[in-house]
Amino acid sequence: MDFDVVTAGAGFSGLYLIYRLRRLGFSVRVFDEALDVGGTWYWNRYPGARCDIPTTDYSYSFDPELEKEWTWSEKYATQPEILAYLGHVADKYDLRRDIQFGTKIESAAWDEEMRGWRLRTSAGDEVTCRFYVAATGCLSLPKKPDIEGVDRFGGEVYFTGRWPHEKVDFTGKRVAVIGTGSSGIQCIPLIAREAAQLTVFQRTPNFSCPAWNGPEDPERVARFAADRDAYRQAARWSRGGVPIEPTDVIGTAAPEEVRRRRFEEAWQKGELFAILNVFADQLVNPASNELVSEMIREKIRSIVHDPETAEALCPKDHPFGTKRPCLDTDYFATFNLPHVRLVDLRKTPIKTITETGIDTAAETFEFDAIVYATGFDAMTGPLVSVDIKGRDGITLKDKWAEGPATYLGLTTTGFPNFFMVTGPESPSVFSNMVVSIEQHVDWICDALDDMRRDGYDTIEPTPLAEEGWHRHNADCANITLHPLANSWYMGANVPGKPRVLYPYIGGVDRYRAACDEARARGYLGFKLTGPGGERCNDGVIRRLQPDVSLVLEAMEAMNLPALETLSPAEARAFMDQSAAIRPPGPAVGSEEDGLVPLDVPLEYRLYRPESPGPHPLVVYFHGGGWVLGSHVSDEPFCRDLCTRSDAAVLSVNYRHAPEWRFPAAAEDAVAAVRWAADNAVELGTVPGEVAVAGWSAGGNLAAVAAQRAGVPLRGQLLLCPVVDCDFSRPSYEENAEGYVLTRALMEWFWDHYCDPPSRTDPLASPLRAASLEGLPPAVVVTAEFDPLRDEGDAYAAALAAAGVPVTHLRARGHTHTSLTMVDVVISSAPVRAEMASALRSLFPSLAPAAAA
Ligand SMILES: Cc1cc2nc3c(=O)[nH]c(=O)nc-3n(C[C@H](O)[C@H](O)[C@H](O)COP(=O)(O)OP(=O)(O)OC[C@H]3O[C@@H](n4cnc5c(N)ncnc54)[C@H](O)[C@@H]3O)c2cc1C
């Protein structure tokens, strides 16, 4: 083969690849359509083009010497300065000798026999290599404007992404700029300085904050100078590739003055990651997001004099941060200039470009020049614009017809020895890209080095690993507000492009950890082949829901005592403390407290929906291993169940162990259900429409009550229930530790509740009942990472086998406790919605609404 590695692209990625590969002794050839190095910074020469990540961060970190000899002149360097920097890098390490400029890679085909790639270039050459690395950039393929008549205009035409090398002079000219994304927002103030008239055509207003460009922030410079290694390390392990401390201030919970102060500080800082970090929950909670969005709108209104123009510039169709936010210098103030005008295309769309200008639905405009700042076919565009054929001749374009699927954003099945730098499903455009580029190049180079050492010459991800990573990406995306926006992050700017969140939103730090882990675990999820044999350590790298992981990490960091090491009194005090700081759950129509009149009366709280009653009744038993909790300890969950199901929820307490051992709690549950069924009318609920529900040990009591109450019940909702005393099922092994409910804790609960000989009694282990026939329809929810998963599954199966209608929901990526963490674990909400919908379908008075 001609080369070990061939790469397309000579920007930040391609240059660092040559540097690393050469040092490892691999032969490499890079092709770029451009006539010199620079990539993005070669092509985007429009006035005002500059980075919007502070340049100290937006620079290579691999060589301390390079860092010492280069000083940036501004906080946000201009395109010429960044291009000069990349030219300097190319000179310093003599990189150009491995680059062929002015040459595009047009096709790449995997040759199974050769175990390598055959590439065709625009120069008509065929080049062969073992590994093909696409360093083609995420924002390198300008999108052709989808406007009628684009080719008709007879005046000057410019595209921000393909700007001429010589200075363009707009002095005295009538200029149109179409598009108000990052490039438009950067060039508009500068074009306005020269042009006689500037008309800006805006389809979607964008959030933008002032860059306050000038000398680099002295605090950052000092921190960097004091310990550059620590600074770079902090960037690598940060959320976005710039070292900042993530806030824990919840927008909706913070007092007004705290909100304002945090926002003002971020606004004055002039940094993207500051304004994205005003509130911890601004990208996941619409209400918190709206607080930030509105404060930015207030700023826009305070800058722009004409109220109508100001309103047109205020973004209202997407949550802040779900489209690439911009940093600007005098963007909004530019619209106060008498020769600058905004045309709102939502009100008066462009009909056509004409020979002399632009016709909108309302007006005819004449121009000397039109500037298209219409963006890019981002992320996948540059990859699939090369005709890449993998094994069996499948093209990447076809494989990704429904959206990209990758493993770690680096590789994709069916395309052996093919790597992407900052590809889809990696943090990429959500990050400081130089940090992400270095991480990807390092990972690829380390992999090639490892393979050579171990005698492998091909690497390809497995379908299982890819599917898992793809799902993890979707899980991360779905807890954010991103899917609500028609953004280029979602592919929405290109007609027909699949609508998914293209970059990985889980964070640079978590992403790096996943990549490092895959390598450390012997290339988990990859198949390696070669003279050294074959190795495949198949598996999925991230199986927990992302927010469940966050909660587990936070709990681990708190170093909490294991409950089973405490006395029951201590454990109860601890649970009360935890309950005091959790979100309260949604508001319900009303709540009232009362007593179930038994020999030992049982406290209850009745939650009623907001809708007019009477409602069906769900008698609910709380979790807590028969030892902990009370009728109000699952309050957020009860409120959530009440609002989602539109049923009244009667949360009844029961006698706890060890003071009251088995069968006290079970007897209470049975008696409480009988009492509730007999008193449905007095409770203001629909007679004959009673169901039981419970979580964990409460699920045990609900299952027992469904078997023993002897009153007609509409259903039973069992959430992660304890239904058996057998600890030998695989889920007890797999999830013995690390997911809050541990095997040791379950042993502690059982020991407090019930003597070993009695545990097999169906009153303690309802799975062991002689018959389950004739029981009320069941909704059984089990969680993947729960020791109780398998017994819950077994109960659902046994009920179904006995002819009981069963809806069995398996909560993927969840733990025993995550499903009840209302407003904390966002990914649990869809499971609760499904659960509530299944429950309401069991009540005749609600069923039609459920169907609707
Ligand atoms: C105006 C603008 C401002 C930006 N500002 C920031 C910022 O502040 N912070 C940030 O993190 N990111 C920013 N970005 C993103 C930026 O693209 C990356 O930071 C980084 O420059 C990407 O480097 P790269 O080498 O991966 O890709 P690129 O710089 O895009 O280089 C890719 C190269 O590949 C070449 N190429 C593509 N296809 C082929 C092919 N088939 N054959 C041969 N050559 C090919 C292209 O010609 C191009 O030169 C900005 C992007 C733009 C457009």
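Which residues line the largest cavity? I found Pro142, Lys143, Phe159, Thr160, Gly161, Tyr372, Thr374, Gly375 and Phe376 there.

A note on the source: this is a predicted model, where local features need pLDDT of at least 70, side-chain atom pairs count only at pLDDT 80 or more, and totals for chains, interfaces and linings use all residues. Residues are numbered from 1 along each chain as its sequence is written, and side-chain values use heavy atoms, with hydrogens and water left out.

Entry 1, cavities. I searched the whole structure and got 3 cavities of 30 Å³ or more. A cavity here is a set of points on a 1 Å grid over the protein atoms alone where a 1.4 Å probe fits but cannot get out, and lining residues have an atom within 4 Å of a point. The volume is the space filled by probe spheres set on the points, which are joined across faces, edges and corners.

The largest cavity holds about 50 Å³. I sorted its lining into 4 nonpolar, 4 polar and 1 charged residues, with Gly counted as polar and Tyr as nonpolar.

The second largest cavity holds about 40 Å³.

Entry 2, strands. I looked up S13 (residues 350–353) and S14 (residues 357–360), which run antiparallel and are joined by 3 bridges; strands are DSSP runs (E, at least two residues) numbered from the N terminus, and two pair if DSSP finds at least two bridges between them. Ile350 has Thr360 of S14 as its bridge partner. The two strands form a hairpin with 3 residues between them.

Methods
1 Å grid on protein atoms, 1.4 Å probe; cavity = no way out; pocket = protein on both sides within 12 Å on 5 of 7 lines; lining within 4 Å. Helix = DSSP H or I, 4+ residues; strand = E, 2+ residues; numbered from the N terminus.
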